[in-house]
Amino acid sequence: MFQRNLSKIKHAMGFQVSQSNKQKKVKPFYCPDNDSVVDGTNVSLPLVNSPDVPGYASWLVNHPSALDTFDSITNEAKGKRVVVFLDYDGTLSPIVEDPDKAFMSAEMRMAVREVAKYFPTSIISGRSREKVKEFVQLSNVYYGGSHGLDILAPPRAVKSFDKKENEVAFQPAKSFLPAIQEIAIELEDTIREVPGARLEDNKFCISVHYRQVLPEDQEILKEKVRTLVENSPEFRLTEGKMVLEVRPSISWNKGNALNYLLDTLGFNDAEDVLPLYIGDDRTDEDAFKVIAGRREGFPIIVSSIPKDTIAWYSLRDPSEVLAFLLRLAKWKKSETSIFK
Ligand SMILES: O=P(O)(O)OC[C@H]1O[C@H](O[C@H]2O[C@H](CO)[C@@H](O)[C@H](O)[C@H]2O)[C@H](O)[C@@H](O)[C@@H]1O
């Protein structure tokens, strides 16, 4: 993969990548002295972005910017069907103190709308499906809430309709709903004495936020929640950005949701399909893993600091996500108009 990424950087920077080069397994490494990457073929490349955060420049070598490598991404996508998946918090909206105020900008909404005109587009969020839809306010995208435990599948899927032809959401943890309501009450009790802690009911998952909890109280809160979940076999715990997520203990995550949507959209068996997933948090890694397993597609992490990820590409923050989405839509529009 190192070689694959290096090839992408070289391509983006106008270097010729020969077939024999592509097959060489040479791990690139970062030279702090001269800000360059040496790949063992005596080609020295200046780094694309300045290393303002320690280690970021060297991290970029293995997770190149999806903007800097845009041309190689679109070269790979030419003639293929790209299917777009987007996370919400930290990807389409910036991370803010108050989860109820994580609004998406009008520009971002317009960009997602544009992308969805040209590519099947789904938003898979840890939020409840209703909440994320309320934030996004678009009718030309599909929504997966509660980390994919609540998906309103496209009309094509017969299983998404009831007998009266009403749309029915795919909810693999539906039988857990009474237990979720019970654990929400217990969680409310558990966190009551920790100032700043708050619960968010995401329908099939409950988020325990500690962003506004004093640093010295955070471990106490986490321990309380962990103990409760350990004693509740129907549930498991995942962690996000200053949030603990209590979920039903079924094996279903954003990766399964991505596969489910590809399936119901009719893409899963096709060989010319390239899923593109942009996300910023640990739960997005499950979706990256699915794409990495296909060995084709575009797993893109949003991060302005080096972090452990299996994504192949990166974008720094939602403003770069916006730039990338606009460019993607513009590229497809121009490609489409050529064939008109
Ligand atoms: O899968 P996502 O759409 O990224 O949802 C994951 C969690 O996102 C939200 O929390 C995060 O964003 C908040 C607003 O910026 C921030 O205050 C919080 O600290 C972050 O963890 C959401 O509120 C959670 O319910 C989701 O689980």
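Start with the second largest pocket, which holds about 190 Å³ of space. Its lining is made of 13 residues. Closest to the centre of this pocket are Lys241, Val302, Ser303, Ser304 and Arg316. Sorted by class, the lining divides into 5 nonpolar, 3 polar and 5 charged residues. Bear in mind that this is a predicted model.

**The cavities**

How is empty space found? Rolling a probe the size of a water molecule over the atoms shows where such space is left. In this structure there are 2 cavities of 30 Å³ or more. The largest cavity has about 380 Å³ of space. It is lined by 25 residues, and the closest to its centre are Asp89, Ile95, His209, Val243 and Asp281. Which elements give two or more residues to this lining? They are β9 and β11. The lining of the largest cavity has 12 charged residues, along with 7 polar and 6 nonpolar ones.

**The ligand**

Where does the ligand sit? The ligand is found in the largest cavity. Two elements give two or more residues to the shell around it: β9, residues 206–209, and β11, residues 243–248. The shell counts 21 residues, of which Val96, Glu200, Arg211, Lys241 and Lys254 come nearest to the ligand. By class, the shell has 9 charged, 7 nonpolar and 5 polar residues.

| Residue | Atom in the residue | Distance |
|---|---|---|
| Glu200 | side-chain N or O | 2.5 Å |
| Gly126 | backbone N or O | 2.8 Å |
| His209 | polar side-chain atom | 3.3 Å |

How much of the ligand's accessible area does the protein cover? On its own, the ligand has 570 Å² of accessible area, and the protein covers 99% of that.

His209 is one of the residues closest to the centre of the largest cavity.

Technical notes
Residues numbered from 1 in each chain as written. Predicted model: local features only at pLDDT ≥ 70, side-chain atom pairs only at ≥ 80, totals over all residues. Heavy atoms only, no water. Near = heavy atom within 4 Å. Polar contact = N/O pair within 3.5 Å; in protein donor to acceptor, adjacent residues only side chain to side chain. Areas by Shrake-Rupley, 256 points an atom, 1.4 Å probe, with all protein chains shown as cover. 1 Å grid on protein atoms, 1.4 Å probe; cavity = no way out; pocket = protein on both sides within 12 Å on 5 of 7 lines; lining within 4 Å. Sits in = over half its atoms within 2 Å of the grid points. Helix = DSSP H or I, 4+ residues; strand = E, 2+ residues; numbered from the N terminus. Nonpolar A, V, L, I, M, F, W, Y, C, P; charged D, E, K, R; others polar. Points joined across faces, edges and corners; volume = space filled by probe spheres on them.
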